[in-house]
There are 2 protein chains.
Amino acid sequence: MTLNQTHDPARRSWVTDANDEATDFPLQNLPYGVFRSGPVATPRLGVAIGQSIFDLAAAAQFGLLPESTTDACRQTSLNDLMALGAPGWSALRSRLSELLGADTCPVGPLRLRAESCLTPMAGATMFLPAHIGDYTDFYASIFHATNVGTMLRPDNPLLPNYKWVPIGYHGRSSSIVVSGTPVRRPCGQLKPADAPAPVFGPCKNLDYELELAAFVGPGNPLGTSVPIAQAAQQLFGVVLLNDWSARDMQTWEYQPLGPFLAKNFASTISPWVVTMEALAPFRAPAFVRPAGDPAPLPYLADAADQLSGGLDLTLEVWIATAQMRAAGAAAVRLTSGNFQTMYWTLTQLLAHHTSNGCNLRPGDLLGSGTVSGPAKDARGCLLELTWRGAEPLKLPNGEERKFLADGDEVILHGYAERAGARRIGLGECRGLVLPTAD
Amino acid sequence: MTLNQTHDPARRSWVTDANDEATDFPLQNLPYGVFRSGPVATPRLGVAIGQSIFDLAAAAQFGLLPESTTDACRQTSLNDLMALGAPGWSALRSRLSELLGADTCPVGPLRLRAESCLTPMAGATMFLPAHIGDYTDFYASIFHATNVGTMLRPDNPLLPNYKWVPIGYHGRSSSIVVSGTPVRRPCGQLKPADAPAPVFGPCKNLDYELELAAFVGPGNPLGTSVPIAQAAQQLFGVVLLNDWSARDMQTWEYQPLGPFLAKNFASTISPWVVTMEALAPFRAPAFVRPAGDPAPLPYLADAADQLSGGLDLTLEVWIATAQMRAAGAAAVRLTSGNFQTMYWTLTQLLAHHTSNGCNLRPGDLLGSGTVSGPAKDARGCLLELTWRGAEPLKLPNGEERKFLADGDEVILHGYAERAGARRIGLGECRGLVLPTAD
C-alpha cells in the first residue's frame, strides 16, 4: 500500500485538538465507528477526529462524500462500507482527509458545512462497529502458545502443527460487546487437579487476553479461496480485542474440541476501526522465523507479505482496581508488546481461513490470539504474567493479583509511532469485572 | 408438553396426499420453512403439508392467522417466529391444524381461502429457515465420542470430562447451506503420520456426520442463564444436519483449539423445521446412564427432563454414488440410529450453553454432534463405520468406500413413529460431493 497525502505527517486539521501530540485520532488516522448522540436514537456512522466525531450520515446528507460511498455511509453499521472494498475505502478516506484538513478545507462555506457535522465524543454512546456474522480467534503468537503449552503440557509445550498451521477456532458472535460494557464473572464447572469430581460455581481464575482483531472487507463466496497475494485487500481495519478467559473452566472443558464456555461469556472490542490504509506507514517485515523453522507452505507464502505483512504496533494492558479507583490512583500498565512478534501475519490468517473454501463475509472478525512477546513484560494475559498464579503480580498500591478480582477494570491501548510518520492510536478497549450474578 | 387435538392421529387433512402413510408431512407435523415459488422472488414462510406448501404470507394477508403471529409470518426468515416463544408457537400450530384439517375446515369459503394459499412443493426453492447468528456443535453421543477417541487416543478414548461436561464448540455460520446445495471437496494441510511435513492438497478422507440440530427460540440476555427446568421452552424445533468433515485435515489441525477448517467448509441442514410441539408424542426418557457413571451436576439435572427429555427419533444415512445414479439404482441406507441413545438431552445442551451467561438469540443453531448408537449399523459417520478406512464399506453394486468419493450424494432422513401416534418425518438433508475447485 503506497503512502499518499492522507499520511503526510505535516498536515494539520482545523479540528484543533486533533493536532495534539498525544491524541490517538489525528488527521492521519480517521478511524470509523458507530455512535449515537443527542436526541437521535438511531446509530450513525462516524469518524473520530481529536475529541470529536465527524458524522458521516450528516456529511452524506450534505453531499460531502464520494457518491460511491454515500449509501454505505448512511447505514447503522459499517458492514456496507466494509463490503465496498479498497477503491471505495480509499476514495472515502481521501475525501475525509480533505474535509478535515486545515490546508484543504480553509474557512469558507465548505468548512461551515463540515463543522456542522462535528459532535463531541464525550457525549456520544458507541456501539459495535459492525454486525459480526462470524468471529474467529487465532493463536498467532508463538510466545503465547509456548508459554501456555508449557503450563498445560510441560512435556509437549508447542504442538507439532504450530509452525505449519495458523491455529484458529470459531468464537461466539453474540457475546461480543463494545468497550465500556461491564463483564460479569461467569460460573462454570471447575475441577482442581486433585479433586475427584468437578463443582459448579463462580470462575476463580478470570483472565484477560490482549489481542488485535481485523474486520473482513468484501469477503469471498463459499467454495472459493482468497490467495495470499490478494488477502491484504480483504482486510478493512483493526480494533483492540479483550478475549476474556475463565482459565479454570478452560482447563477442564477444552479437550478434545477446544475452549467453549471459558471464552464465550464475553469478548470486548474497541469502538474505532483503524483502517489498514491508516496503518500503511507502520507496515513492517513479517516475523523472522528462527533458523530451523519450516518455511510457510506455498499457499501461505508471499514475498510482499514477508516484506511488509507485519505491523509495528505497540499494544498495552492497563489495570485499575476498585481500591485504586477509590484512592484516586491512575491505572497502571501491566504489559507492553508489539504486533511484530506474531508468528503469522493477518494476511496469512485470512488466506488460511479461506484455503478450504470457507466463505468470509463483510464484518466478520478475525482475532489474532493473545499478543505475547519474548520478554516477560510483553506477556498478554495474567496466566502467563503470573505463571498460572505461581508468581503473583504486585501492584504499586500493595495489592496482589494472580487473576482478576471483581471490580478490576482492564484497559487495552494500542498505538503506532515511527520516525517520519504521525503517531496514531487505536483508542481504548475497557471492561469492568462485575461479581457473579446471584 | 401435553398432547392436544393437533396430535390426534385420527385426524385427516383435506390436502389428500398429506394422509398418505409414507408422507413425512401429515396434518400432525406442520413444519416451518422458507421458500420461493413462481414469479415472486422474495422468500416467504411456509408450512409443509403432504406434497404442498401452505404459504404463511398469503394466509396472513387473508387474515387467517392469529393476530399475535401475523407480523412474524410475514417475514423472510423464521427468526421472528422463533422469538415469539411457546404461547405464540402453540397458537399458530393450533390454527394451522384447524385450517388444514378436513374436519375443522370443511368445504366452504374458509376452505377456498386456505386452498388458495397452497403451492406445490415440487416447484419451490427452499432457503435456510433462519438467519443463524451463531452455530454451536456438541458431541453428545457417548458412542461416537468413544469410537473416535479410540481411534485418535487408543490409550485414552473417553476423556475424563466427558460424563460431566456436555462438550461443545462453536462452528461456522456463514457456510451453513440448505439441503440440495452441492458441497465442494476442500483443500487443506494433510500430514500422514509417517510424513516429515504436511502438504497442501485436496482432502482425501471426506466424511459426513449424521446430526440433529435444534433452533433456539426467544433466547436469553447476556449475563443470564437459562435454568434446566426452563430450557425446553427455549427450543423451537429441529432439523437434520450433515456436519461434513475432512478427517485428514482434522487430525493434523485439531490440537489444541479444536476442529476448524476440517469442518467449516460446509454444513448442510434440511429445510423444514419440525417443532418440539409436533414431536411431543415422541418424547422419551433421557439416556439411562450405566451404573457407575456420575449423575449430572444440579444445573444439568431435572426430573422432568429425565422422564421425557429424550426423543424417540430414527435417524438414517443413505448414499447414492455417481455410478449408482448412472445405473438408475436407488440410494442405499448406510446407518440407522436413534436419538434416544444420546448421552445428553437437548435441554441439557441448552442449559449448559447458557450456564456461564452466554446469550442465545432466536435462530441460533445447536447441533447434537454425530448420532451414533452402540450397534455398528448405528454409527453416524464413515470414520466410525469403516473404522478410519480399515474396514471399507461394500456397496450393493460392488463399489467400496473408505471415505466419500466425488459424485457421492449423501442423504439424511429422520422420522418418528410410535403406536398411538401419527408418524411424522424431518424430510431430507441432501448434499452432492463436487470435486475440488481448480
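Four salt bridges run between chain A and chain B in this predicted model. One of them joins Asp364(B) to Arg172(A), whose side chains meet at 2.7 Å, N to O. Polar contacts also link the two chains, with 29 residue pairs counted. Several elements of chain A take part in the side that touches chain B: the strands β6 (135-138), β7 (168-170), β10 (187-190) and β11 (199-202), together with the helices α8 (247-253) and α11 (346-354), each supply at least two residues.

The contact as a whole draws 58 residues from chain A and 58 residues from chain B. Between them, the chains bury about 5200 Å², and 62% of this area is on carbon and sulfur atoms. Within chain A, the residues that lose the most area to chain B are Arg172(A), Leu257(A) and Phe260(A), which together make up 15% of what that side buries.

How are the two copies arranged?

In chain B, Arg44(B) pairs with Asp55(B), with 2.4 Å between the closest N and O atoms. Arg44(B) belongs to strand β2 (residues 40-49) and Asp55(B) to strand β3 (residues 52-55), so this pair ties together parts that are 11 residues apart in sequence. Both Arg44(B) and Asp55(B) are buried.

A second pair in chain B sits within a helix. Arg111(B) forms a salt bridge with Glu115(B), the closest N and O atoms lying 3.8 Å apart. Because these residues are four places apart in helix α5, about one helical turn separates Arg111(B) from Glu115(B). Arg111(B) counts as buried because its relative accessibility is 11%, whereas Glu115(B) is partly exposed at 36%.

In chain A, Arg401(A) and Glu399(A) form a salt bridge at 3.2 Å. Arg401(A) counts as buried at 9% relative accessibility, and Glu399(A) counts as buried at 13%. Chain A also holds a network of salt bridges that links Asp207(A), Glu209(A), Asp243(A), Arg247(A) and Lys263(A).

What of a buried charge with no salt bridge? Asp137(B), in strand β6 (residues 135-138) of chain B, is such a case: the nearest side chain of opposite charge, Lys263(B), is 5.2 Å away, while a salt bridge needs the atoms to be within 4 Å. Beyond its neighbours in sequence, Asp137(B) is in contact with residues including Gly168(B), Tyr169(B), Glu211(B) and Asp243(B).

Other residues are exposed. Val107(B) lies in the loop between α4 (86-100) and α5 (109-115) of chain B, and its relative accessibility of 75% is why Val107(B) counts as exposed. Ala303(A), in helix α9 (residues 303-308) of chain A, likewise counts as exposed, at 60%.

Methods:
Residues numbered from 1 in each chain as written. Chains lettered and ligands numbered in written order. Predicted model: local features only at pLDDT ≥ 70, side-chain atom pairs only at ≥ 80, totals over all residues. Heavy atoms only, no water. Buried < 20%, exposed > 50% of the residue type's maximum accessible area, 1.4 Å probe, protein only. Lys, Arg positive; Asp, Glu negative; His and termini not counted. Contact = heavy atoms within 4.5 Å. Buried area = accessible area lost by both parts, 1.4 Å probe. Polar contact = N/O pair within 3.5 Å; in protein donor to acceptor, adjacent residues only side chain to side chain.
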